[in-house]
Amino acid sequence: MAAEVFIPKLGQTVEEVTLIGWLVEDGEVVEVGQEILEVETDKAVFPVEAIAKGSIHLGPFEAGETVPVLKVVAIIGKPDDVFTAGSVSEGPFVEEAGEPVAAPEPAAPAMAAVDASSVIQNTKERMFASPRARRAAAEQGVDLSRVKSTGYGGMRIAERDVLDYLEKQPKAAGITQDDVLDLLTKAGEIQIDVPLIESVPLSGIRGVIAERMAASSLLTARVTLFMDVDATELVAAREDLKARVAEDWGFAPGYNDLLALVVARALRDYPNLNARLTSEAIEYIKPINIGMAVDTERGLMVPVIRDVDRKSLRAFAEELRALVEQARSGRISPDDLAGGTFTITNLGMYHVKAFTPVINLPETAILGVGAITRRPVEYQGEIALRHMTTLSLVFDHRVVDGAPAARFLQ
């Protein structure tokens with residue numbers, strides 16, 4: 001029996017991928033572990049490997065196409081095999097007490113292991129919803145394709161799934177996430193007849209950035225605080241560390257490493273900046289997981305280093321460098337880009353003095369770091385040249401007020 005090749009799960013939050021391209025030809029003989037396909041999540045590019053040896057027969061999937069995880073995309077078997085994805089019988093459903101129940105069916109023979117992925121995928125592709133769920137969705141204006149199903153082993157949307165979905169929607173001045181998505185859709189329908197150099201589809205990581213940045217702007221009550229900081233002692237400390245540890249560590253610690261540890265310790269004293277807003281409460285988060293914005297060829301990525309307040313400078317710096325390398329090579333795990341509680345973004349290397357970064361939802365705040373330059377300032381009663389930088393703290397006023405945010409920034 002031919003082995004089925006399916007899109008693997010690539011992290012806890014990834015539900016679909018974009019096909020980048022096939023790395024083999026239809027009918028080609030492949031080996032176990034050979035890379036046969038490249039796919040892209042909203043964060044990185046990953047290879048899909050052959051799970052058997054034999055002739056591969058590709059499914060009707062082309063580059064640029066969006067495919068759910070666990071979807072069967074090819075089979076590996078004999079040269080004369082033909083691609084066919086497995087199927088699962090829908091079976092009749094009846095409604096009891098508002099929940100879906102499967103009617104009895106004849107016993108089926110045991111399923112071969114290579115067929116299991118087809119059953120899972122076909123289940124995911126079909127959208128079942130109980131009458132009560134459809135009625136609740138219609139009354140509340142909910143798109144059922146956005147609701148996660150839990151009824152009948154995850155195969156059917158129940159009324160409670162619709163209600164859970166509504167409870168999790170962030171609300172600000174009557175605006176929900178669905179409203180934001182609708183606004184984005186309508187904005188994309190506006191056409192202006194002008195000559196174009198190129199038209200690049202708003203998909204993949206660029207599409208995710210566009211959607212999340214617009215949602216952050218619409219859903220948060222943003223306030224920005226700017227503060228000039230005397231960084232002379234910071235510069236001296238870094239130079240001292242470079243001289244003392246660079247040879248032993250194999251690299252010199254940077255300003256981002258030092259700032260991240262300073263921020264982490266400040267967050268311990270000001271937990272209202274290490275928080276998130278839900279529809280019902282403000283949640284103060286115990287772990288301090290700091291995201292560090294990284295510029296890559298594919299767009300902005302924010303690798304997350306966890307429990308920063310409990311890490312040494314060297315441990316943090318080594319972990320950050322490893323994640324940055326993975327992000328820039330397109331091989332970072334989606335799980336390493338999730339779970340942040342506060343973000344730092346530094347544009348100092350581009351000689352930017354100050355800027356207003358966008359809050360990385362569902363976080364409450366983000367710190368922008370400007371260039372360190374020597375400026376004439378008042379110091380101990382005299383004018384002196386000091387190393388200065390400007391910090392920009394953007395925070396959600398719904399969660400924290402200006403005074404505590406200013407004390408945190410100090």
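**Figure 1. Overview of the predicted model.** The model is predicted, so local features need pLDDT of at least 70 and side-chain atom pairs count only at pLDDT 80 or more, whereas totals for chains, interfaces and linings use all residues. Residues are numbered from 1 along each chain as its sequence is written, and side-chain values use heavy atoms, with hydrogens and water left out. The protein has ten helices and 23 strands; these are DSSP runs numbered from the N terminus, with helices (H or I) of at least four residues and strands (E) of at least two. Of the 410 residues, 41% are buried, a term for a relative accessible area under 20%, with exposed meaning over 50% and partly exposed in between (1.4 Å probe, protein chains only). Among contacts (heavy atoms within 4.5 Å) between residues at least 6 apart in sequence, 62% join residues at least 24 apart.

**Figure 2. Packing of helices H7 and H8.** Helix H7 spans residues 232-249 and helix H8 residues 255-269. Their axes lie 10 Å apart and form an angle of about 120°. Axes are lines fitted to C-alpha atoms, for helices over the stretch in contact, and angles between N-to-C directions run from 0 to 180 degrees. The two helices are therefore oblique to each other, since angles under 35 degrees count as roughly parallel, over 145 as roughly antiparallel, 65 to 115 as roughly perpendicular and the rest as oblique. On H7 the contact is made by Leu234, Val235, Arg238 and Leu241, and on H8 by Tyr255, Leu258 and Leu259. By class, this contact has six nonpolar residues, one charged residue and no polar residues. Here Ala, Val, Leu, Ile, Met, Phe, Trp, Tyr, Cys and Pro count as nonpolar, Asp, Glu, Lys and Arg as charged, and the others, Gly among them, as polar.

**Figure 3. The open sheet S5-S4-S2-S7.** Four strands in this order form an open sheet with antiparallel pairing; two strands pair if DSSP finds at least two bridges between them. Strands S5 (45-49) and S7 (66-68) stand at the edges with a single partner strand each, so one side of each is left without a neighbour in the sheet. On average, neighbouring strands of this sheet are turned by 45° against each other, direction ignored. Strand S4 (residues 35-40) is joined to S5 by five bridges, and glutamate 35 has glutamate 49 of S5 as its bridge partner. Four bridges join S2 to S4, where threonine 18 is partnered by glutamate 40 of S4. Strand S2 (residues 16-22) also pairs with S7 over three bridges, with valine 67 of S7 as the bridge partner of valine 17.

**Figure 4. The open sheet S1-S8-S6-S3.** Antiparallel pairing also describes this open sheet of four strands. Its edges are strand S1 (3-6) and strand S3 (29-30), each with a single partner strand, so one side of each is left without a neighbour in the sheet. S3 pairs with strand S6 (residues 54-58) over two bridges, and valine 29 stands opposite serine 55 in S6.

**Figure 5. Leucine 337 in its loop.** Leucine 337 lies in the loop between helix H9 (313-329) and strand S20 (342-346). Its relative accessible area is 14%, and leucine 337 is therefore buried. The C-alpha atoms of leucine 337 and valine 302 are separated by 5.9 Å, although the two residues are 35 apart along the chain.

Figure 6. Most residues other than glycine have a negative phi, and most peptide bonds are trans. The peptide bond from leucine 361 to proline 362 is cis, with omega near 5°, and proline 362 is found in the loop between S20 and strand S21 (365-369). Aspartate 307, in the loop between strand S19 (304-305) and H9, has a positive phi of about 55°; at 24% relative accessibility it counts as partly exposed. Glutamine 380 also has a positive phi, near 55°. Glutamine 380 is placed in the loop between strand S22 (373-379) and strand S23 (382-396) and counts as exposed at 67% relative accessibility.
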